Amino acid sequence: MPALVLDGETREEASVSQLSDRVLGLKLAEFTELWLECGGESGPRLCLLISGGERGWLMYLRCVGDVGFSSRNPDYEGPPGDMLEYRLSNGQRDVYPAAWSYPTADLKDALVEFLETCERPRSIRWYDDTERKMVVS
């Protein structure tokens with residue numbers, strides 16, 4: 001059964017349908033860290049970090065300890081050097097290029113896609129952080 005972890009606290013384990021509804025209805029704070037987990041410790045997980053409440057970045061891990069994949073947005077139209085600040089639930093501050101981010105509506109759709117498939121969402125463009133190259137879907 002999938003699980004939702006919001007800002008470091010497991011909120012619920014529920015059916016895919018229940019979690020999908022919960023994700024779509026989330027009011028995202030200025031800085032949010034959200035994890036979705038499929039299949040417990042050995043299963044894949046998707047991390048969402050929100051910056052400013054409007055945009056966010058995704059990381060997909062195949063299992064605990066995986067270097068994984070991170071989002072890239074080929075449709076980003078802002079200044080190329082812009083950076084966005086993210087804050088993790090443990091207080092850590094990270095900064096990533098704005099061109100890696102997506103609008104929150106697109107991210108919520110990707111979260112639902114992950115819940116339904118337990119696979120890397122195809123609606124997002126991914127960078128393979130292990131191989132250091134873009135992934136062709």
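A residue is termed buried when its relative accessible area is under 20%, exposed when it is over 50%, and partly exposed in between. These terms are applied here to a predicted model.

**First selection: S70 and R72**

Please select S70, which is placed in strand β6, residues 69–72. Its relative accessibility is 2%, and S70 therefore counts as buried.

Next, select D75, E77, D106 and D109, which together form a negative surface patch. Within this group, centre the view on D106, a residue of helix α2, which spans residues 104–117. D106 counts as partly exposed because its relative accessibility is 35%.

Proceed to C118, in the loop between α2 and β10 (125–128). Most residues other than glycine have a negative phi. The phi of C118, by contrast, is positive, near 60°. With a relative accessible area of 27%, C118 is partly exposed.

Finally, select R132, which is found in the loop between β10 and β11 (133–134). Is R132 buried or exposed? Its relative accessibility is 68%, so R132 counts as exposed.

Terms used:
Residues are numbered from 1 along each chain as its sequence is written. This is a predicted model: local features need pLDDT of at least 70, side-chain atom pairs count only at pLDDT 80 or more; totals for chains, interfaces and linings use all residues. Side-chain values use heavy atoms; hydrogens and water are left out. Patches are made of residues with over 30% relative accessible area and no salt bridge: like charges are joined within 9 Å, nonpolar side chains (Val, Leu, Ile, Met, Phe, Trp, Tyr) within 5 Å. Accessible areas come from the Shrake-Rupley method with a 1.4 Å probe; for residues, only the protein chains shown count as cover. A salt bridge is a side-chain nitrogen of Lys or Arg within 4 Å of a carboxyl oxygen of Asp or Glu. Lys and Arg count as positive and Asp and Glu as negative; His and the chain ends are not counted. The place of a charge is taken as NZ of Lys, CZ of Arg, CG of Asp or CD of Glu. Helices (H or I, at least four residues) and strands (E, at least two) are DSSP runs, numbered from the N terminus. Buried means under 20% relative accessible area, exposed over 50%, partly exposed in between (1.4 Å probe, protein chains only).
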